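Welcome! Work through the exercises below with the sequence and the 3D view side by side, and try each task before reading its solution.

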Amino acid sequence: MKYTSAQANKLLKKLNDEYSALLDKEQRCRDFRAAMGEDIESVRPAYDYAKTQVRLAELEGTIRRLKHAINRFNTMQVVDGFGMTIDEMLVYIPQLTKRKSKLLEMKSRLPKERVEEQYGRQSNIIDYTYTNYDLTAVETDYEKAADELSRAQLALDAVNQRESFEFG
């Protein structure tokens, strides 16, 4: 069956949720308490060890194969307009995000700011912090980084929605 990356990741989430739920159910059912004199069979939770282990193994295998298929797709599929694979884009986007955050902090600074406290206590000495960079250049670089990040995210979303690979 053919899946887009977006569809495959939704399927992966569904499989991981089913796996976690089954593990949780097993944890709650594999042993139980009964009071002295209580009919043990009336409080015994339904649990089939062999059937549970088979289903867990099936889910593990499917999850493993699906993640491998997604990883192969990500390392081979090139994102339009970037000349990078999805795998590279998944590194590039966080790099852009980090750069954008740094530039936002830098562009938000005043050229000269008064420092109110030093080492956690008030002081009679007035200190100032000065920017040691061109605010206009930082603002320009911030806009470029923000635009590039948006462009990268949209391109990645498009390829994840459009291109497909075989799984199943």
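## Exercise 1: A bridge across the chain

D80 and R162 are joined by a salt bridge, with their closest N and O atoms 2.8 Å apart. Task: find where in the chain D80 and R162 lie, and how many residues apart they are.

Solution. Before starting, note that this is a predicted model, in which local features need pLDDT of at least 70, side-chain atom pairs count only at pLDDT 80 or more, and totals for chains, interfaces and linings use all residues. Residues are numbered from 1 along each chain as its sequence is written, and side-chain values use heavy atoms, with hydrogens and water left out.

- Step 1: recall the term: a salt bridge is a side-chain nitrogen of Lys or Arg within 4 Å of a carboxyl oxygen of Asp or Glu.
- Step 2: locate D80 in the loop between β2 (78-79) and β3 (84-85), and R162 in helix α5 (residues 135-162). Helices (H or I, at least four residues) and strands (E, at least two) are DSSP runs, numbered from the N terminus.
- Step 3: the two residues are 82 apart, so the pair links distant parts of the chain.
- Step 4: R162 is partly exposed, because its relative accessible area is 42%, and the class runs between buried (under 20%) and exposed (over 50%), using a 1.4 Å probe and protein chains only.

## Exercise 2: The largest pocket

Task: find which residues line the largest pocket, and which elements give two or more residues to that lining.

Solution. 

- Step 1: the idea behind the search is that rolling a probe the size of a water molecule over the atoms shows where empty space is left.
- Step 2: on a 1 Å grid over the protein atoms alone, a pocket is an open set of points where a 1.4 Å probe fits, with protein on both sides within 12 Å along at least five of seven lines; lining residues have an atom within 4 Å of a point.
- Step 3: the lining consists of L22, K25, E26, A46, Y47, D48, K51, T52 and R55.
- Step 4: α1 (5-29) and α3 (49-76) are the elements that give two or more residues to this lining.
- Step 5: by type, the lining has three nonpolar residues, one polar and five charged.

## Exercise 3: Far in sequence

Task: how many residues apart in sequence are V138 and K107?

Solution. 

- Step 1: V138 is part of helix α5 and is buried, with a relative accessible area of 7%.
- Step 2: V138 and K107 are 31 residues apart in sequence, with their C-alpha atoms 5.9 Å apart in space.

Methods. Ala, Val, Leu, Ile, Met, Phe, Trp, Tyr, Cys and Pro count as nonpolar, Asp, Glu, Lys and Arg as charged, and the others, Gly among them, as polar.
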